[in-house]
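Thanks for making the time this morning.

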Amino acid sequence: MSRRWLFGAGAATAVAALLLTSSPAAAGTATPNAAAPAATPAKVSGKLFHAWLRRDRAAAAKVATPAAVNSIFSYAYRAPDEFAGCAGNACRFVHTSVRVPGGLNGLLMIVSGSKVTRVYQSRHVTRPAVAAEQLLTAWHRGDRNLGLEVATRPAVARLFRVKYDPKGVTYYFQGCTKEPKGYSCAYSYDGGALLMHLKGSVTRGYDVQSIGYIAD
């Protein structure tokens, strides 16, 4: 697995170039008195992506919050090589040539106005218990994207099928045990147990592949 800052130079640069040259100003069609184009989520996220490719934190800080800048600059994998568009204010940059853990498959930027306020990312988690704990925390917060950083889409869908009730039962971590093809991390509660089944390795990273339940 390619790790930190091993960019796919051609594809990743092409993604950034496409995003940045899509505006009239970049294409050389703007008139001297024309108003500045509106800051759309695609343009804002593209500027942050491009600044990240150049390792330019100053430029990134102009279009993203400090937390978002720190997040994208900590990304463990090579740069995603495809812009997958925006759904509302959520813009995706995905991998087409590298397999990464979790269901995000790259970067998801949340845009508010002219700033990226949050960057969700595929995580390289080297301990099964850490991935399991993040997924449980994501469920507690009702944040599916946070869960997708460390779990597959089917696993997140299964866990989030029922909304977490903060006034309901308490979940107690019981540790992770080796399975034939990975690990099982268990959380017990009054009436049963939640089992998270993980696959991966220290090199590739671990993610939650499926969710199971045991009733007393």
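Predicted model: local features only at pLDDT ≥ 70, side-chain atom pairs only at ≥ 80, totals over all residues.

**Disulfides, a sheet and a histidine**

Let me start with cysteine 91, which counts as buried because its relative accessibility is 0%, where buried means under 20% relative accessible area, exposed means over 50% and partly exposed lies in between, with a 1.4 Å probe and protein chains only. Residues are numbered from 1 along each chain as its sequence is written, and side-chain values use heavy atoms, with hydrogens and water left out.

Cysteine 91 forms a disulfide with cysteine 86, the sulfur atoms being 2.0 Å apart, and the term here stands for a pair of cysteine sulfur atoms within 2.5 Å. The torsion about this S-S bond is about 105°, so the disulfide of cysteine 86 and cysteine 91 is right-handed. Cysteine 86 itself is partly exposed, at 33% relative accessibility.

How many disulfides does this rule give? The count is 2, and the other link joins cysteine 176 to cysteine 185, again with sulfur atoms 2.0 Å apart. That link is right-handed too, with 105° about the S-S bond. Cysteine 176 is partly exposed at 28%, whereas cysteine 185 is buried at 0%. In sequence order, the bonded cysteines pair as 1-2, 3-4.

Turning to the sheet, we have an open one of 4 strands in the order β5-β6-β7-β8, with antiparallel pairing. Its edge strands, each pairing on one side only, are β5 (172–179) and β8 (205–215). Strands are DSSP runs of E with at least two residues, numbered from the N terminus, and two of them pair if DSSP finds at least two bridges between them. Strand β6 (residues 182–189) and strand β7 (residues 192–201) are antiparallel partners over 7 bridges, and tyrosine 189 has glycine 192 in β7 as its bridge partner.

Finally, where does histidine 95 lie? Histidine 95 sits in the loop between β2 (90–94) and β3 (106–112), and it is buried, at 6% relative accessibility. Its side chain makes a polar contact of 2.8 Å with the side chain of tyrosine 75, meaning a pair of N or O atoms within 3.5 Å, where within protein one must be able to donate a hydrogen and the other to accept it, and residues adjacent in sequence count only if both atoms are side-chain atoms.
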